[in-house]
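Here is a friendly walk through one protein model, in questions and answers. Let's learn how to read its sheet, its pocket and its loops.

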Amino acid sequence: HKESGTIKGLETQIVDGVRFSNDPEAGITGEYASDEGNLISARMHPGKVEHPRWQALHVSLGPAPLADAMLLGVAIKSRAPESITTRLCIRSGRDGEFIDTFLPKTMISFAEPSLHLDVLPLDQVPDLPRSAQWRDLILFFRPGDVDIDLLDARLFIL
């Protein structure tokens, strides 16, 4: 299934439950594409400021209950022509408010496909709500030019 489009402004919806969110004051523009061998490719360039406050990809997880879970983790395979760092976050929302919980490791994408594996031992993150009305997995790209291919992404709850 192929998708492609333009990234512009605060929010760019890709498909239901997947969207880019960017600092509206940064004047970020870019393109995205998706095909069989690549979940999503993104090319973004800030226009007004060199270091935007945020550039992110949000993936909706629904309520993703964690009451009986021991671990929450991600495995992401990525590639980037020039090394780029990405911080991963679980955003938990309830009653119009949200709490961000960052995974401990920073994802680094290289010219060759690489696998990033990260886990949150839930007994060590008391601020992460065990129930929420909604959750997002957010990939916060480093501020500035972004050129990345997300080849595969998996979330697991054990």
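Q: How do E7 and E10 pair, parallel or antiparallel, and over how many bridges?
A: Strands of a sheet pair through backbone hydrogen bonds, and the pairing can be parallel or antiparallel. Keep in mind that this model is predicted. Here E7 and E10 are antiparallel partners, with eight bridges between them.

Q: Which strand is joined to E7 by eight bridges and runs antiparallel to it?
A: That is E12, linked to E7 through eight bridges. Val74 is a handy landmark, as Leu155 is its bridge partner in E12.

Q: Why is E7 described as largely enclosed?
A: Burial is judged by relative accessible area, and under 20% counts as buried. Strand E7 covers residues 71–79, and seven of its nine residues are buried, so the rest of the structure largely encloses this strand.

Q: In what order do the six strands of the open sheet lie?
A: Reading across the sheet, you meet E1, E4, E5, E12, E7 and E10, with antiparallel pairing. Strand E1 (3–8) and strand E10 (114–121) are the edges, each pairing on one side only. From one strand to the next, the twist averages 25°. For a pair to inspect, take strand E4 (residues 29–35) and strand E5 (residues 38–45), which are antiparallel and share six bridges. Ala33 stands opposite Ser41 in E5.

Q: What is the volume of the largest pocket, and which residues are closest to its centre?
A: Its volume is about 350 Å³. The lining has 18 residues, and those closest to the centre are Val18, Leu39, Ile40, Leu57 and Val59. By class, 14 lining residues are nonpolar, two are polar and two are charged.

Q: Which strand gives the most to that lining?
A: E12 does, with four residues. Strands that each supply at least two include E2 (11–15), E6 (55–62) and E11 (134–141).

Q: Where do Ala64 and Asp95 lie, and is each buried or exposed?
A: Ala64 is in the loop between E6 and E7. Its phi is near 35°, a positive value in a residue other than glycine. Ala64 has 11% relative accessibility, so it counts as buried. Asp95 sits in the loop between strand E8 (84–94) and strand E9 (97–109). Asp95 also has a positive phi, near 50°. At 61% relative accessibility, Asp95 counts as exposed.

Technical notes: Residues numbered from 1 in each chain as written. Predicted model: local features only at pLDDT ≥ 70, side-chain atom pairs only at ≥ 80, totals over all residues. Heavy atoms only, no water. Pairing = 2+ DSSP bridges. Axes fitted to C-alpha atoms, helices over the stretch in contact; angles between N-to-C directions. 1 Å grid on protein atoms, 1.4 Å probe; cavity = no way out; pocket = protein on both sides within 12 Å on 5 of 7 lines; lining within 4 Å. Points joined across faces, edges and corners; volume = space filled by probe spheres on them. Nonpolar A, V, L, I, M, F, W, Y, C, P; charged D, E, K, R; others polar. Buried < 20%, exposed > 50% of the residue type's maximum accessible area, 1.4 Å probe, protein only.
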